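Welcome! Have a look at the model below, then work through the exercises, trying each task before you read its solution.

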Amino acid sequence: MESNQILLETKFVSDIKGTFFVPSYQRGYRWGQDEVLRLLNDVYTNGKKNYCLQPVVVRKSGDAYELIDGQQRLTTLYLIYRYMKNVNPMFISEPAFNLTYQTRENSEEFLRTVDLSRREENIDFWFIANAYETIQKWFEVDLQLRFIHILEYFKEDVKIIWYEVGENEDAISLFTRLNIGKIPLTSAELVKAMFLSSDATGTVDRKKQEEISLQWDNMEKELHDDSLWYFLTNRTNARYQTRIDLILDLVSDRPADNREKYYTFFKIDELGKTMPLDDLWRKIQQTFLVLKDWYENHELYHKIGYLIASEKMTLQEIYKVSIGKTKQGFRASLDSYIRQSISIQNNYVDLSYEKKPDYDRISTLLLLFNVESVRQNGEHTQWFPFDKFKFDSKGKVSWSLEHIHAQQSEGLRTQEMWKEWLSLHIPSVRSVTEDTELPDAMQAAIDKPKLERTEFDSLQQRVIELLSVQGNAEYLHSISNLALLRSDDNAALNNSTFDVKRNLIVNMDKEGQYIPFCTKMVFLKYYTPSEDNQLHFWGQADRIAYVNAINKVLAEYLPEPIAMVEEA
């Protein structure tokens, strides 16, 4: 192996052989009962399914291996073999590997003997003895059955990831990253190493490896474009430590609910044993290019982006649907899934904000209305910004249904909230009436050291009557009076009338804050014909125009258009 290359492979636990040298820069064995039992139980409950332990990182040092990462796991595996040897010496030989220590010479001897009477001699002996006793108690629950199964699983089902670095690798720096820095090897790093490994089989020569390394870095760089990334997923890097993991998950067909840390690497490693690595790399590239093609196609971008953003389908599910289909067939499938996602069978105007299932259906419908409005209105020049919709500089953005015009005071429980509500509405009251009595009374209430609830309720009712039009009550909780707005703990604002919210939206827009397309259009009265337009109010004509716009934009997905009747 060249000194600057990596040797990467998977090995069954029973195939671990040789001497592992634990250098002085590492602490001793420190696993407690919880960690030991977790390893035993994970292996045992997994049964005959493939199971992969965390990587063991080593560097060749003469006839031995310097153990850079994996001391705790290897020591525990050694103790399990030592216990099985002690209870059945005729059936089990000595462990095929052993551990030596640069500064803990007595630990090597103690591992071989596990003389429990010496546990108090030093802290290393104490942890090793406790781990051995934990292993002993675990086996004794059903010694014969557990003995046979563990021995079999170690031979046929449980693997380690063998990660051998070149002799020139800075072992201390790597140890620091993996242990002190708590940055473990990721599936992506291991897959990359698989292609660049000096022991890689197949047709990947040195020149091809350099090409793969460059293409790998370019893919990772492109996936750091947030407009591409948040089109593909709703997740942050908490799930994907490197973004190329998303592509590798698709190639490995990783189930959405699978949380096994190295599942993706394990599956791709298996693929690498059944096909030339050059072909496997081409498959990874092609998968990425398919996603880029969707991203660059105006129609597919919006339809796929909506299904992912609404959490009605995962990227994995959409990718599977696309396999083997023509572009026309794929589009038809997407349209079918979009219809299913909103599942509108009756009059959607009858859905109510106050009912949880209806709330969710209205939210989904309005998201689709926003995405489709941008798609249809943009003529291929406007694109719905899924990245801004999902995340901003402060992290994940949450959206909620908000009343376009509120007529209730839910959540207004304190004097501070009452005074804030009054303060927000004074400009709107002054804009619709020249009479100064009401705004003066509102200001006087704000200035009082103690504002009584009854006084606030009376003022609030007068303001709502002034800033409302007839007919609002019947459709208060229907989609015709609802829009997507950022979730906000500001109860005074959430309970405000249309004009106050309109002023807020205008200010937010001026400050460059993202506002969903249709929400902005609602508060700018874009849908209302000019002859019916009352700038400070949200009334029946506005609601009818809003629903008609939804009907028009979503005609392809709704079973039939919904009609709202003008009130007498």
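**Exercise 1: Confidence**

Task: In this predicted model, find which elements of the chain have the lowest and the highest mean pLDDT.

Solution: Start with the elements themselves. Helix α21, residues 491–494, has the lowest mean pLDDT among the elements of the chain, at 63. At the other end is helix α13, residues 298–309, with the highest mean, 97. Now step back to the whole chain: its average pLDDT is 87, and 91% of the residues score at least 70.

**Exercise 2: Helices α8 and α12**

Task: Work out how helix α8 is oriented relative to helix α12, and which residues of the two meet.

Solution: First, recall that a pair of packed helices is described by the angle and the distance between their axes. Helix α8 covers residues 206–223 and helix α12 covers residues 277–296; they pack at about 25°, and their axes are 12 Å apart. Angles under 35 degrees count as roughly parallel, so α8 is roughly parallel to α12. The crossing of α8 past α12 is left-handed.

Next, list the residues in contact. From α8 come Lys208, Ile212, Gln215, Trp216, Met219, Glu222 and Leu223. Their partners in α12 are Asp278, Trp281, Ile284, Gln285, Phe288 and Lys292. Sorted by class, the residues of this contact between α8 and α12 are 7 nonpolar, 2 polar and 4 charged.

**Exercise 3: Helices α3 and α4**

Solution: Helix α3 spans residues 105–113 and helix α4 spans residues 123–140. Their axes come within 10 Å and cross at roughly 20°. With that angle, α3 and α4 are therefore roughly parallel to each other. Here α3 passes α4 in a right-handed crossing.

On the α3 side, the meeting residues are Asn106, Ser107, Phe110 and Leu111; on the α4 side they are Asp124, Phe125, Ile128 and Ala129. By class, the contact of α3 with α4 holds 5 nonpolar, 2 polar and 1 charged residues.

**Exercise 4: Two residues in strand β5**

Task: Decide whether threonine 100 is buried or exposed, and find which residues it touches. Then turn to asparagine 98.

Solution: Threonine 100 sits in strand β5, residues 97–101. Its relative accessible area is 16%, so threonine 100 is buried. Setting aside residues up to four places away in sequence, threonine 100 touches Thr19, Phe20, Phe21, Val22 and Glu108.

Asparagine 98 also has its place in strand β5. At 27% relative accessibility, asparagine 98 counts as partly exposed. With the same exclusion of residues up to four places away in sequence, asparagine 98 touches Gly18, Thr19, Phe20, Tyr78 and Glu108. For a sense of scale, asparagine 98 and lysine 501 are 403 residues apart in sequence and 71 Å apart in space, C-alpha to C-alpha.

**Exercise 5: Positive phi**

Task: Where does aspartate 253 lie, and where does glutamate 311 lie?

Solution: Aspartate 253 lies in the loop between α10 (245–252) and α11 (263–272). Its phi is near 55°, a positive value in a residue other than glycine. Aspartate 253 is partly exposed, with a relative accessible area of 36%.

Glutamate 311 lies in the loop between α13 and α14 (315–322). Although not a glycine, glutamate 311 has a positive phi of about 60°. Its relative accessible area is 63%, so glutamate 311 is exposed.

How values were computed
Residues numbered from 1 in each chain as written. Predicted model: local features only at pLDDT ≥ 70, side-chain atom pairs only at ≥ 80, totals over all residues. Heavy atoms only, no water. Axes fitted to C-alpha atoms, helices over the stretch in contact; angles between N-to-C directions. Helix = DSSP H or I, 4+ residues; strand = E, 2+ residues; numbered from the N terminus. Parallel < 35°, antiparallel > 145°, perpendicular 65-115°, else oblique. Left-handed = near helix turned anticlockwise from the far one by under 90°. Contact = heavy atoms within 4.5 Å. Nonpolar A, V, L, I, M, F, W, Y, C, P; charged D, E, K, R; others polar. pLDDT = per-residue confidence, 0-100. Buried < 20%, exposed > 50% of the residue type's maximum accessible area, 1.4 Å probe, protein only.
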